[in-house]
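Subject: The structure we talked about

Hi there,

Here is the structure I promised to pass on. Have a look at it first, and then read on for what turned up.

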Amino acid sequence: MTKRIGFTTSLPIEVLYAAGHYPIDLNNIFLSLDSSDLVHRAELYGFPRTLCSWIKGNFSAALSTDLDEVIGIVQGDCANAGSILELIRAEGLPVYPFSYPNQRDYQAMDREIQKLEHHYNISRTQTQEAKKYLDSIRLKLKELDTLTYRERLVNGKENHLWLVNSSDFIGDPAKYERDLDEFLKEAKAREPFPTRLRLGYLGVPPIFRDLYDVVSELGGELIFNEVQRQFAMLYLVPDVVEQYIVYTYPYSVLDRLADIRQQIELRKLQAIISYTQAFCHLQIDNLLLKKQIKLPFLNLEGDPPEKLDSRTLLRLESFFEVHA
Ligand code: SF4
């Protein structure tokens with residue numbers, strides 16, 4: 001039986017596709033439904049105001065999306081994931097806890113993937129076959145990413161949306177690929193976008209609905225989307241275990257920093273916009289990024305899902321007055 005399986009952040013979806021299931025990234029559901037209402041529903045349930053909106057949104061999305069099971073990433077993502085997984089279980093949905101190893105350890109990652117394969121009753125060969133297919137789509141995403149920073153035929157918002165949606169391939173990789181082919185064809189026929197301030201975006205995807213549009217209006221372009229690019233798994237290493245070892249997001253901020261430094265060079269970035277979510281532990285990692293990255297660095301903090309508030313807008317305008 002095909003199951004609808006929600007998950008709280010990227011995990012080896014190759015296993016779920018190999019088992020014939022329908023993986024659904026709860027973060028994408030959160031943003032595609034009425035996000036404010038989902039946060040409100042979690043608060044009515046009893047979630048405190050002083051908790052990250054993504055977590056509240058994930059919880060409400062899990063309960064309102066007709067799922068058969070939820071996988072919570074309880075190590076390597078969010079400190080709150082284990083707790084919401086237990087609440088989801090208490091609401092009657094079957095749950096599965098998935099853990100990234102503490103460090104980039106091949107054997108430990110291999111064991112976690114084996115456990116997942118055992119849970120869904122498939123072999124490593126089947127997982128690798130699913131990976132081969134998904135990698136053929138990722139190769140096209142890699143081209144899209146290059147068209148963003150080199151040829152400048154794809155803008156930052158388009159890059160963000162395509163990469164972020166590849167965390168689950170919208171539950172239908174064949175459709176995702178058809179739409180991507182169409183988009184690439186259209187993008188390659190465009191004139192390059194004008195030269196602008198070349199910006200990198202660091203951190204989890206923004207909860208602000210209009211950040212990319214506003215940055216573009218102010219004269220910049222976010223031609224590097226750090227975490228979204230990580231979700232897209234563009235390294236294209238042949239082994240599924242290796243793929244989830246080179247992926248930086250679940251590990252130390254120093255692993256993220258090494259990747260960011262490479263991309264700053266490759267993409268000739270001139271400034272950084274770093275996003276943090278209110279009440280998130282990644283704000284601490286952000287302190288280190290700010291200290292280590294020797295480029296103009298603007299940190300923005302978001303809380304509820306909304307358009308940019310006037311204070312954040314003013315900070316962006318001031319940043320562009322100085323650096324654009
Ligand atoms: S933004 Fe931070 S606190 Fe919120 S879900 Fe993500 S990791 Fe957790």
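How close do the axes of helix 4 and helix 5 come, and at what angle do they cross? Before the answer, two notes on the source. This is a predicted model, in which local features need pLDDT of at least 70 and side-chain atom pairs count only at pLDDT 80 or more, while totals for chains, interfaces and linings use all residues. Residues are numbered from 1 along each chain as its sequence is written.

**Two helix pairs**

The axes of helix 4 and helix 5 (residues 81–90) come within 11 Å and cross at roughly 20°. That makes helix 4 roughly parallel to helix 5 (angles under 35 degrees count as roughly parallel, over 145 as roughly antiparallel, 65 to 115 as roughly perpendicular and the rest as oblique). Axes here are lines fitted to C-alpha atoms, for helices over the stretch in contact, with angles running from 0 to 180 degrees between N-to-C directions. Helices (H or I, at least four residues) and strands (E, at least two) are DSSP runs, numbered from the N terminus. On the helix 4 side, Ile55, Asn58, Phe59 and Ala62 meet Ile84, Leu87 and Ile88 of helix 5; contact requires C-beta atoms, placed from the backbone, within 7 Å.

For helix 8 (residues 156–165) and helix 10 (residues 211–218), the axes come within 9 Å and cross at roughly 160°. Helix 8 is therefore roughly antiparallel to helix 10. Gly156, Lys157 and His160 of helix 8 meet Tyr212, Asp213, Val215 and Ser216 of helix 10.

Helix 8 is largely enclosed by the rest of the structure, because seven of its 10 residues are buried (20 or more other C-beta atoms within 10 Å of a residue's own; 12 or fewer is exposed, and in between is partly exposed, with C-beta atoms placed from the backbone). Its buried residues include Trp162 and Leu163, and they pack against elements including helix 2 (26–32), helix 7 (124–151) and helix 9 (173–188).

**Domains and core**

The domain assignment, which is automatic or from a database, gives domain 1 (4–124) and domain 2 (156–323). Their C-alpha centres lie 22 Å apart, and 27 residues of domain 1 are in contact with 20 residues of domain 2. Helix 1, strand 2 (22–25), helix 3 (35–45), helix 4 and helix 6 (106–119) each supply at least two residues of the side of domain 1 that touches domain 2.

The largest nonpolar core has 81 residues, and Val15, Leu26, Phe59, Ala62, Leu199, Tyr201 and Leu222 touch the most other members. Such a core is a set of buried Ala, Val, Leu, Ile, Met, Phe, Trp, Tyr and Cys residues joined through C-beta atoms within 7 Å. Helix 4 (residues 53–63) gives the largest share, six residues.

**Two residues to look up**

Proline 12 sits in the loop between strand 1 (4–7) and helix 1 (13–18). Proline 12 counts as buried, with 23 C-beta neighbours inside 10 Å. Leaving out residues up to four places away in sequence, proline 12 touches Ile113, Leu116, Val240 and Tyr244.

Leucine 316 belongs to helix 15 (residues 310–323). Leucine 316 is buried too, with 20 other C-beta atoms within 10 Å. With the sequence neighbours up to four places away left out, leucine 316 touches Val214 and Leu218.

Best wishes

Methods. Two residues are in contact if their C-beta atoms, placed from the backbone, lie within 7 Å.
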